[in-house]
Amino acid sequence: MSIASVNPATGETIATFEALTSADLEQRLQRTVEAFRINRARSFAERAKRMQRAAEILDSRAQELARTITLEMGKPIKAAVAEVQKCALVCRHYAEHAERYLADERVQTEAAESYVRFEPIGAVLAVMPWNFPFWQVFRFAAPALMAGNVGLLKHASNVPQSALAIEDLLREAGFDHGEFQTLLITSEQVAALLEDERVKAATLTGSEPAGASVASNAAKRIKKSVLELGGSDPFIVMPSADLEEAVKTAVKARIVNNGQSCIAAKRFIVHEEIASEFESRFVAAMESLRIGDPMDESTDVGPLATPQIVDDIEKQVEESVAAGAKLLTGGQRYGDKGNFYEPTVLTDIPRDAPAYAEETFGPVASLFRVKDIGDAIALANATPFGLAASVWTRDDEERKRFIDGIESGQVFVNAMVASDPRVPFGGVKHSGFGRELGVYGIREFVNIKTIWVA
């Protein structure tokens, strides 16, 4: 079976690659055994030297690597450059902090000596998505490799060039014994990988069905998994907010990565006192966005990654309007080639419409009006997802109520939701379990060993 890299702006096939055979896969798996022996024996300083080198390569080749990202999945080129630079940031973070994050922790007991030690576990399989084809991988790979583990990457099938570029980059940085390997395989081959005893754990970022499949297959073999799944993130604006800044950030938060981000704001919940003004400003700003060639630095919104995503978002909008939602702007495909869809705003959305609580993976915003903070929190939580939330208020009591009341893995106050290497990232409910990044992320895939010396 071949795996194709297709330019979403034109529909042109850029390159094709043959999927690994069973024999190829066996060879890669066997390589992890020796690679793990080598990487776990390295000191933190030795691993850090290699990780710092990876950061240097990412920075020096940011434009080149960004072009690969944009060609494969349509991200505007400026955003692609920023993504590569953020990968360098996470490499440096774990190069600098991994040893401290995994240092022995002394515990006072009646024993002569008692402490907790953190040890690597082996090969971790990462099933990663296309929407941030470098960042999603490096936020797993940097802590995993710095902990002494080895990585196996099953990337999304539409970004094979990005996947191979990451393997080459880490090899050049000094992880050159198979510590990180890209596996060009189909989704159907993942289950067999999870059954193999050489694979010790799994991490997945993707859809609910994919997450359920990986987690259940890992559990059958008593293996740990970390899942970061979808989100229908609320963006709540109260009367005390800086409205100008809230609107500006709301547009950015909705169309980040052409609207294809788990933590992109999707449901805009606005207090009725300011709802009309917010709506008029927000719609005008969405209509002013420039759609076009993602290689053009002046482009705001590029193509969606695949034709199927356009079909899905079009169906969600059409069904929502049919159910009674009001279309304020957009709602159509754009251009005569490529996977473009207009920035779209819906309001008056009934509870049974897809746009009410489903994740809309594209530049489609749902607007809601609420009477008070209690209604805002209730509506924010009225979704099976719980990844992140952005709340806008300058009232201290409101801020406390939002922080306490919203069911999500992250709450950002007067700021756009983002991931940061210094703090944990992950969700609750159907948005997954486990954490990435920060000290919690690096401790997901280690053996936490208790030492007790009488």
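This is a predicted model: local features need pLDDT of at least 70, side-chain atom pairs count only at pLDDT 80 or more; totals for chains, interfaces and linings use all residues.
Trainee: Hello! Let me start with L437: between which two elements is its loop?
Mentor: Residues are numbered from 1 along each chain as its sequence is written, while side-chain values use heavy atoms, with hydrogens and water left out. Helices (H or I, at least four residues) and strands (E, at least two) are DSSP runs, numbered from the N terminus. The loop that holds L437 is between β19 (432-433) and α15 (438-442).

Trainee: Is L437 buried or exposed, and at what relative accessibility?
Mentor: L437 is not a glycine, yet has a positive phi of about 70 degrees. For the cover, buried means under 20% relative accessible area, exposed over 50%, and partly exposed in between, with a 1.4 Å probe and protein chains only. L437 counts as buried because its relative accessibility is 0%.

Trainee: Which other loop residue has a positive phi, near 60 degrees, without being glycine?
Mentor: Look in the loop between α9 (243-255) and β11 (267-271).

Trainee: How many residues of strand β16 are buried?
Mentor: Take the strand by its directions: A388, S390 and W392 point one way, A389 and V391 the other way, and all are buried. β16 covers residues 388-392 and is mostly covered, the buried count being five of its five residues.

Trainee: Which residue of β17 stands opposite V391?
Mentor: Two strands pair if DSSP finds at least two bridges between them. β16 runs parallel to β10 (residues 234-237), with three bridges, and F235 stands opposite S390 there. β16 also runs parallel to β17 (residues 410-413), joined by four bridges. In that pairing, V391 stands opposite V413.

Trainee: What is the order of strands in the open sheet that contains β20?
Mentor: This sheet has three strands, paired in the antiparallel sense. Its edge strands, each pairing on one side only, are β3 (105-106) and β20 (446-453). Two bridges link β3 to β4 (residues 113-120), with R106 and Y115 as bridge partners. The order is therefore β3-β4-β20.

Trainee: How far apart in sequence are the parts tied together by K449 and E119?
Mentor: A salt bridge is a side-chain nitrogen of Lys or Arg within 4 Å of a carboxyl oxygen of Asp or Glu, and K449 and E119 meet in one at 3.0 Å, N to O. K449 is in strand β20 and E119 in strand β4, so the pair ties together parts that are apart in sequence by 330 residues.

Trainee: What is the distance between the closest N and O atoms of R139 and E228?
Mentor: R139 is buried at a relative accessible area of 3%, and E228 is buried at 2%. The two form a salt bridge, and their closest N and O atoms are apart by 2.7 Å.

Trainee: How many salt bridges does the whole structure hold?
Mentor: Another pair is D420 and R422, at 2.8 Å, N to O. There, D420 is partly exposed at 22%, while R422 is exposed at 61%. Shared partners join R53, E56, R61 and E172 into one network. A search of the whole structure gives a salt bridge total of 28.

Trainee: Which residues form the negative surface patch?
Mentor: Patches are made of residues with over 30% relative accessible area and no salt bridge, like charges being joined within 9 Å and nonpolar side chains (Val, Leu, Ile, Met, Phe, Trp, Tyr) within 5 Å; areas come from the Shrake-Rupley method with a 1.4 Å probe, and for residues only the protein chains shown count as cover. Lys and Arg count as positive and Asp and Glu as negative, with His and the chain ends not counted, and a charge is placed at NZ of Lys, CZ of Arg, CG of Asp or CD of Glu. D372, in the loop between β14 (364-370) and α13 (373-380), is partly exposed at 36%. The patch is formed by E272, E273, D372 and D375.
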